[in-house]
Each structure stands twice: as C-alpha cells, then as structure tokens.
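Okay, everyone, thanks for coming. I'd like to walk you through a few spots in this model, so please have it up on your screens.

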Amino acid sequence: MATNLLRNVIVIGGSFVGRATAQELAKVIPPTHRVLLIEGHSHFHHLFTFPRFAIVSGQEHKAFIPYSGIFAGLPNSASHGVAQARVLSVQSHHVELDREWQGSRQIPFDFAVLATGTRLSKPAGMEHDDKPSSVDYLQKHQADIKKSRSILIVGGGAVGVQMATDLKEYNPDKNVTVVQSRPRVMPNFHPELHELIQRRFDELGIRLITGSRVTIPEGGFPNNGTPFEVQLTNGTTEFTEFVILATGQTPNNQLVSELKPSEISGPSIINPDNGFIRIRPTMQFLDEKYSNLFAVGDIADTGVQKAARPGLAQAAVVAKNIQALIEGRKPEGTFVKGPGAIHLTLGMKYNVIFRNPNIAEGQTAPSIEEKQDGQEDMNVESMWQRSGISVGDPREYHL
C-alpha cells in the first residue's frame, strides 16, 4: 500500500513515554495504519542523565540518541516515521506543525496520543533542539561548576538531590547547599526517603535548608564566577558563586488550548488545578467528544507520581485501546494506579530503589533497595542499543 494512503496514528512527544508509546503501537496496529512520532528535538534526550552530565565531563554527547532506529525490528517498520517538528495545535482530526513535513504543515490522523510531558529548568531540560548546541551547553555547565567553589541548588526534588550528591562526591572540595521549600526533600514519597537522603547528605557534607524559598531576581543569578548574595524567604542570606535551579515542572499543554469541551461533558480539557490533561482510565481524553485523543506520561492527569515506569504502563494501555478502536471494538484496557516509586542516584555508585508502601495491600512501610553498582555514564550506552542503534566505534556516539 502506498505510504500516502496510510492512515495516521500520531504520537506527539518523543521522550521516554512517547517513544515507548510509538513502539507499542507499531507492534499492534494493522498495515492500514502507520505510527508517526512528532518531536521537535533532532535526537532522543536521555533526560535522566542530564543532572549527571551537567557535572561530569566526557559523556555528555551520549545523552542524545538518533531516532533512526526507533522502529527497527517492529512490524511494517518501513511504514512508520519520525517528523522533526513542533505541534502548534491539536484539533479533533489533525495537527498543525511549526514547519512543513512532506510538503504540508497540517497532518491528518485517526488517533493522536499526547506525550508532551513538562518543561524543566536547565540543566534538567535543554532549550535547544539540535545535538551540538545541547552538548555545548552541558560542557559549559561543567566548566562553570569546575571554577565555582560554592554551589547552591534550588529545589529538593529528584534532580536537586541527585545533582547535590554527584557534585559533592565528584568535587569534595566544593561547598554544596540545597534549599528546599517544603519541610523535607522528595515530599511525595514516604518520609523514610527524606531520612535516607538526609543521612547521605550528612555523610557527604551537603548542607540542607528546608522550609524556605529562594528569591530569584529578575534576570536570574549572575553565575559569573564571583560570590554573590542569595536571599531566602526566611530572612537569611546565603553567599555562593553558582546557583542551579532544580524547581518544578510546567505542563506542556498549550497545544490543546484551542480544543473546546463539549457542552455535555462540562469539565475543561485541562485540569485548572494542575495544568494536566483530564483523562479516563483508558487514557482517552475525559471529554467523550475527543475519544480518539489520548494522553500519557507526565501530561496526563492520572494522579500518580510523574515517572517513567507508570508512563510505560500507560503506553501499553494506549496501544491496546487504539488497536481495539481500529478493529471496531470497545477500548477496555485501563491504567491501574500503584504506589509511587523511584530509582534515585545518590552519588557515582550509590543508588536506591525506593517504593512507597502499597496501602491497598496493607503495607505500612516502604520498600528500600540500596545498591552500589552505579556507573559514571549511568549505563547510557545500553540505551543506544535499546534504541536500535548499533555502535561499532566510540566516535559514533557523537552522531
């Protein structure tokens, strides 16, 4: 069948969950359809390595992986594709792009899956779409860290905690301070995770200030290699030479802003309380007017911890349900919420797998698995292999 006659199943966003959704769909949809992954970045961004590679030099180029192998070995792989573009708006049966793809800025679809995630502050997220500019940014960040004797990290979530422990272990001579607005770090997890992290901070000599926010000046911090003042909302002042922002996530929801909810459904497409897309357990949009639209991962208002593992489970549900709809069946796959869990690095080798207690099963204590098997490059090369990219020469990691 000619490619231009294929019906499109579009996945918007090519990070971990979007990539997995595209692959799961390619496994099950019939040859009448193709999967089209739309992503603004030229390469897959291995987000989990960014906090490490913003500090440790020599590995940063491996964090950006070509999309060329994403459908390798999957059914009808030649039919599926990746379009490097940004979606400006999602309509009920087409998307508008910021640039032409195959001669058009408008792509029709039967089904679309939003995996747009959230925007993160640098260095947890990159502002550039191309690989060379992002590699240059990480290398500059490494150089700024190297020349700074004192570093203050704003935010006690996973990024802030991981960067603090990497920094202090890799550069024990530097003064590292973490400022967290909540009473404890990682507040969405059982308090035992905070206690574990606090012990690790004490072991490495990391200062932790809780219950206070940093006042961020207009225009940001100077970060020019000379000491400057940082004002805290508790009335105190910290002096540092470099500030790293590791705060919050902003939902990438603007591309559905033109969708009008049906009069019957009532609720808006986006939950105004948090900015995430309202969904059903089937991962379809809550509004039945848009039953051919799905949301997965961080952008979906699932009520669970924003992490890759639940997002991957959601990807499988979406693929099953879109297959059912194509075949004229009712979508019956549902995402089952589970307790929050995270695999957290706390230095070059030490890492922990932490799972909140499963209250539904009567658990009262978290599950904690401590390990000492961390690698400096966070085993990023294996991700190239899983992405269908065979590397025979280390220079190929620069592609």
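Let's start with helix α4, which passes α5 in a left-handed crossing. This is a predicted model, by the way, so keep that in mind as we go. Helix α4 covers residues 158–170, and it packs with α5 at an angle of about 25°, the two axes being 10 Å apart. Angles under 35 degrees count as roughly parallel, so α4 is roughly parallel to α5. Which residues actually meet there? From α4 you've got V161, A164, T165, K168 and E169, and on the α5 side they meet I197, R200, F201 and L204. Sort that contact by class and you get five nonpolar, one polar and three charged residues.

Now hop over to another helix pair. Helix α1, residues 16–28, and helix α6, residues 308–326, have axes that come within 8 Å and cross at roughly 30°. That makes α1 roughly parallel to α6. What is the handedness of this crossing? Right-handed, as α1 passes α6. By class, the α1 contact with α6 has twelve nonpolar, three polar and one charged residues.

Okay, on to strands. Find the open sheet of four strands, in the order β13-β12-β11-β16, with parallel pairing. Which strands sit at the edges? Those are β13, at 207–210, and β16, at 242–245, and each pairs on one side only. Neighbouring strands in this sheet are turned by 20° against each other on average, ignoring direction. Zoom in on strand β12, residues 175–180: four bridges join it to β13, and the two run parallel.

Last stop, aromatic rings. How many aromatic pairs does a search of the whole structure find? Seven. One to look at is F189 with F354, an edge-to-face pair at 6.2 Å centre to centre, with 85° between the planes. That pair links distant parts of the chain, 165 residues apart: F189 is in the loop between β12 and α5, and F354 is in strand β20.

That's my tour, thanks!

Terms used
Residues numbered from 1 in each chain as written. Predicted model: local features only at pLDDT ≥ 70, side-chain atom pairs only at ≥ 80, totals over all residues. Heavy atoms only, no water. Axes fitted to C-alpha atoms, helices over the stretch in contact; angles between N-to-C directions. Parallel < 35°, antiparallel > 145°, perpendicular 65-115°, else oblique. Left-handed = near helix turned anticlockwise from the far one by under 90°. Nonpolar A, V, L, I, M, F, W, Y, C, P; charged D, E, K, R; others polar. Pairing = 2+ DSSP bridges. Phe/Tyr/Trp six-rings, centres within 6.5 Å; stacked < 30°, edge-to-face > 60°. Contact = heavy atoms within 4.5 Å.
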